[in-house]
Amino acid sequence: MLIQMLAMPFHWMIPGYNWIALITTTLIMAISAFPYWKSAIAAFKKHSANMNTLVATGTSVAYFYSIFAMATGREVYFESAAFVTVFVLLGDAMEEKMHNNASNALGKLMGLQAKNAEVLKDGKFIKVPLDQVQVGDLIRVKPGEKVPVDGEIIEGTTSLNESMVTGESMPVMKQVGDTVVGSTINNNGTITFKATKVGADTMLAQIVDLVKKAQTSHAPIQNLTDKISNIFVPVVMIIAIVTFVIWYSFVGATFVQALLFAVSVIVIACPCALGLATPTALMVGTARSAKLGVLIKNGEVLQEVSNIDTVVFDKTGTITIGKPIVTDIIGNYQEVLVLAASLEETSEHPLATAILQKAKEKQITPLKVQKFEAIEGKGVRAMYRGQTAFVGSGKLLVDINISREMSQQAEQLQNEAKTIVYVGLDNKIIGLIAIQDTPKPTAKAAITELKKRGLTTIMLTGDNKKVAQAIADEVGIDRVIAEVMPNEKAQQIKSIQDNGKKVAFVGDGINDAPALSTADVGIAMGSGTDIAIDSGGIVLVQNDLRGVVRALDISKKTFNRIKLNLFWALIYNVIGIPIAAGLFATIGFTLSPELAGLAMAFSSVSVVSSSLLLNKAKIAGNS
């Protein structure tokens, strides 16, 4: 390279130049170009061709011709073989560096972990390495320290900076009974918590695992790229041969000139950029989304999101806070509350929790019941003091007597957007319990943002129509599908899809899992059940509906970046091949093999750079 740059322009004759070029180029071909040869030969054995086939072919043609030329006293072109190899390696090195930059987010996530923890042992808090912490250990965290593992606070209050895990910039207040996430930072106040998840079970470890899987997954569009590459390489070889024949046989160029045009075509056409277009964007996009509290499980999800036109929401725990409270009790207050609490004691339904919380406030102790039976989607039934008692929704009212006055009161409460729980004894309604669950503070803003993007919003809930419609009106939902049994949710999603809609479903409960799996894209709230999270293609770490907007934004931007990368990679080859083939030689515009190699290397670097720009893309609620 030095000889070419410093000596040849001044026509200085370097003694023994051909031997110097032969020795140095042979070393380059044997060592630096070996991986390309190895890959090309392996592909050839399988009767196929890959990107390295073009590099190996182009450099070997220039190298072996130069040996022939040296033996017969002609001009040598060792520098073409050497330069192409050097420039391709330079491109690989730059790509590697940018790949590292792209995956740095994963390393930073891993680096968030605390190195040790203050664990209570023999009545004293002592520091132990993180890998020695066990589930059930009591751990103390002082102001400014990192929370080492996931757990539940048993003493103290504080505010935690959870931005590194959830993407939420505002500190979150924590008190006894609240959960804490490993690697978050304690702003003020000393807390003691019981470790509930350690090692690979912590939220941070699961986030890292999901991001790793997503970064190594394939978007369906990658299959198109692979097909293009399989066809493209043989076509380029044919174009190179045709280029040589035309220049040598028809234009009247010398053998060497025709050969150099052919080699330039082979080198510049190497579709490395095409192969990098999808995985680099996928790597950067999934890492960026993880920082924002959005976990994208695989590349297929990204492609599906780009087609979404309808977003369907579960109500309880998704649009609403999910912690309803008892607002009214109609009938004999004590009798109704005791009966309801007794039947709901073993239930985990949010409405049951509200009833039990009210009983606890009133210092009421639930009584034992016999023959307890859960009626799916309707309520519960059991023997209570020798009589058949039931607690549930209006769907239980078939063949059950309810007074006109009680019915009117139920209707009035429903008009106030309250859910009614009917309490009955021996086929007669003896009371009503009104329960209300308010929308999350950010729900309305999130729905507004989705509408701005032209998306249709639907609420899918088992609650009654009046309550559901009242909540929908408050947050701006377009359409309500109410009084849906848990096993019917997936059918409702399928029905929407049958009308030509591409559906994203957002939910958090066990009964949402089938719907999450049926939807084109399932978005699970991170506060939900494990089965719901497993069923979703996207997981929102925060219990915040604005995460849905972020998830859709980052997914669409990542997929659009993949398409942009593929476009430029293909356009580059379409433009580059005619130039390399000498189509513009009459106006003095040509490319030597070494310049073709440099251009090819920088095309790959440009694609990786384009992917890295995703780190700067503006996402809803984030700059």
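Colleague: What makes the largest nonpolar core a core, and which residues have the most contacts inside it?

Modeller: In this predicted model, the largest nonpolar core has 45 residues. A core is a set of buried residues of nonpolar types joined through side-chain atoms within 4.5 Å. Phe78, Val236 and Val265 have the most contacts inside this one.

Colleague: Which elements give two or more residues to this core?

Modeller: They are α2 (17–32), α4 (51–71), α5 (78–102), α9 (220–251), α10 (255–268), α22 (546–580) and α23 (593–612). The largest share, 10 residues, comes from α10.

Colleague: What does valine 236 touch, beyond residues up to four places away in sequence?

Modeller: Leu54, Val265, Ile266, Ala269 and Ile577. Contact here means heavy atoms within 4.5 Å. A second, separate core has 37 residues, including Val311, Ala482, Leu540 and Leu552.

Colleague: How do you know what form residues 231–250 take?

Modeller: The unreviewed UniProt entry lists 231–250 among its "transmembrane region" spans. In the model that span is 100% helix and 0% strand, with its end C-alpha atoms 28 Å apart.

Colleague: Why are the buried residues of α18 said to lie on the same side?

Modeller: The residues are Val467, Ala468, Ile471, Ala472 and Val475. Buried means under 20% relative accessible area. They cover an arc of only 130 degrees around the axis, so they sit on the same side of α18. On the other side, Lys465 and Asp473 are exposed. The buried residues pack against elements including α16 (404–415) and β16 (419–425).

Terms used. Residues are numbered from 1 along each chain as its sequence is written. This is a predicted model: local features need pLDDT of at least 70, side-chain atom pairs count only at pLDDT 80 or more; totals for chains, interfaces and linings use all residues. Side-chain values use heavy atoms; hydrogens and water are left out. Buried means under 20% relative accessible area, exposed over 50%, partly exposed in between (1.4 Å probe, protein chains only). Helices (H or I, at least four residues) and strands (E, at least two) are DSSP runs, numbered from the N terminus. UniProt positions are given in the numbering used here, feature names are shortened, and annotations may be inferred rather than shown by experiment. The arc is that of the directions from the helix axis to the C-beta atoms.
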